[in-house]
Amino acid sequence: MGVQGLTGFVEERGAFFTELRVRDTKLVIDGSSLYHRLCFASAADFRRGGDYGPFAAAVRDFFGSLRACRVAPFVVLDGGRDADDRKLPTLQDRAAERLRAAHGLSRGEGGCLLPLLTREAFVQALARLGVPFVQCFAEADREIAGLANRWGCPVLSLDSDFYVFDLVAGYCPLSHFQWQSVCAGEGPQGCYVPARCFSAERFCGQFRPLRKSLLPLFAAMNGNDYTGLAALEAFFSGARLAGRGGKHARLQGLLSWLARFEQPREAVAHVLTYLKKHQREQVGELLCASMEDYTPSEVKLEDFFHKGRYECEAARKADLPQWVLDALAKGKLAPFISDALILRSTFLHVQVENMQRPSAHSTALPIRRVIYGLLLKVPHNTEATSPSKQTSELPVVCEFGRLQKTLKKTCVQAASPPADFCDGHVSLDKLMEMPMTCRQMLLLETLGVNMSFLESIPSHLQLPVAVTCYWIRCSEPTVTLQQLKALLLMVVSGELHRITNDPDTTVLCAEDDSTAYKEFLKWKEKKLQNKDFDLDAAHSFCQWQCCLQMGLYLNQLLCTPLSEPDLSSRLYNGTLVHRLYQELKSTPSVENLFSLSPKIAQLYQVLLNTVES
């Protein structure tokens, strides 16, 4: 959510904030805002698919600062789209904006684009750090506001909707939360994070004064993620609020106009008099519904944090198996899953890829079809059923993805499970009760890999290796040997980093590992200065990330028959894999980069042999 132009209006004036020392308190954090903020702050390069290691380090440092100030964080993440899908037009607009940004980056222009697996890396980092978090069933704003008010603590976000919510302890914008500049403090109270807190009282006092209860109507009329009512232009013209006077003149004029009224209902009635009679009922209903979006939710998120129980009306109405609801709340299933399950509609986020080729996500289509089949209870294939009848019975999911440089909706049929998958009887509510060997078989069969090939691979790398085998088999154009070797060298470099830097690792770090890591860092420092960019190679690595994302989702849906790989341990580093690829083309001996560590050199050879076989 977000109110058009409000952040700029508030920031320009500055007088609406109070200084705040954040310490010894609970803090309710908007997870989506936080991972966007940390990702964009930690990333030096948005063209090469993301560097999840530095991002995970930024997440760790952020929560380290809070811990030093005795701040208890509670992270609340958005879930899937609402069942009524009111926000769909806004989401389509944002997807089109991301597509334009990706196209610009692919041509060497500036800009920012969230790497594909940022959300997954963030959730993994939270779990690893032991930070309490919940994934709401749908949009999180109302539940964030409700929890913060019941606990009497601030909200930390970068969403301008929180200027509108009536928050007991206020809203701290992340842009004014100086977690990297923790102050020592004076006396026994100790250190604190310097921050600024928005004061709704000061804001409303600027407008004769405006009653806080009218702020939700202001947001609805000005335009947010749910309303962009063209019919209201008649009101703005008639009330003379659409004139000149700077970029925020209309916003300021609307606030001053609303200050004349005691109650929102009175103001709405007055607005409707400017509209044509046949528009009034519908516009009135839309305005009232939009105002409700700023009522703090009564969903008791504290029950989840204290007892592990998440209950809300929307989840009850969805009538999903309890294990699915629990997995969604714990972030063990992605919002992509609930969107496919409830709305039969998903968004495939674009990356910096070759816009003249089919979307990088097309490579992972067979995996998605299996996911849809499991979610939507597709009947298994039988010889007695004719192919035409089978096709007509298969459910369809609408995917919003890239077609060249435009956003396009494509209808995709779910896949039938193989007849030998648990005798063809697949039921979502019983999925987690199926034997692990059965679930593992379906995962590996989808990826085209036999478990016997993976037995020599460390368990946490088995899924990425299986995905890599799938990527080589299904990618178009064909993956080159240099691209494969670059990817595997990148993976083992992450392993070397983990062994030498992670105190929790079960593998002891030998002296030759430390020596190899130091030499690798010297090589990287020297070679990463080169900024050459190969768009076709970028497209291929984008395809790998798409396959890994859907491999992760299928593995999660099947209750992790393979260990989940840790994205935060540098499993994917876009800057590095591109550099390795460029070097391998001109200097094949780069393949021996880790020869000083027999352990890592052997791991690389095992991975290469497994994938090539």
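Buried residues are those with under 20% relative accessible area, exposed ones have over 50%, and partly exposed ones lie in between (1.4 Å probe, protein chains only). The model is predicted, so local features need pLDDT of at least 70, side-chain atom pairs count only at pLDDT 80 or more, and totals for chains, interfaces and linings use all residues. Residues are numbered from 1 along each chain as its sequence is written, and side-chain values use heavy atoms, with hydrogens and water left out.

E120 is placed in helix 5 (residues 118-129). Helices (H or I, at least four residues) and strands (E, at least two) are DSSP runs, numbered from the N terminus. E120 is buried but has no salt bridge. A salt bridge requires a side-chain nitrogen of Lys or Arg within 4 Å of a carboxyl oxygen of Asp or Glu. For charge, Lys and Arg count as positive and Asp and Glu as negative; His and the chain ends are not counted. The nearest side chain of opposite charge to E120 is R119, 5.7 Å away. Leaving aside neighbours within four places in sequence, E120 is in contact (heavy atoms within 4.5 Å) with A334, Q549, Y553 and L567.

Strand 3 (residues 71-77) is mostly covered, with 6 of its 7 residues buried. Two strands pair if DSSP finds at least two bridges between them. V28 has F74 in strand 3 as its bridge partner. Strand 3 also pairs with strand 4 (residues 133-135), in the parallel sense, over 3 bridges. There, L77 stands opposite Q135 in strand 4.

Strand 9 (residues 396-403) pairs with strand 10 in the antiparallel sense over 8 bridges. C398 stands opposite C411 in strand 10. F400 stands opposite K409 in strand 10. Strands 9 and 10 form a hairpin with 2 residues between them. Q404 in the turn has a positive phi of about 55 degrees.

The structure holds 34 aromatic pairs. Rings of Phe, Tyr and Trp (its six-membered ring) pair if their centres lie within 6.5 Å; planes under 30 degrees apart count as stacked, over 60 as edge-to-face and the rest as tilted. The rings of Y52 and Y572 have centres 6.3 Å apart and planes at 55 degrees, so this pair is tilted. The pair links distant parts of the chain, 520 residues apart. Y52 lies in helix 3 (residues 52-68), and Y572 in the loop between helix 24 (535-557) and helix 25 (574-586). Both Y52 and Y572 are buried. The rings of F520 and W523 have centres 6.4 Å apart and planes at 15 degrees, so that pair is stacked. F520 and W523 both lie in helix 23 (residues 511-527), 3 residues apart, about one turn of the helix. Both F520 and W523 are buried.
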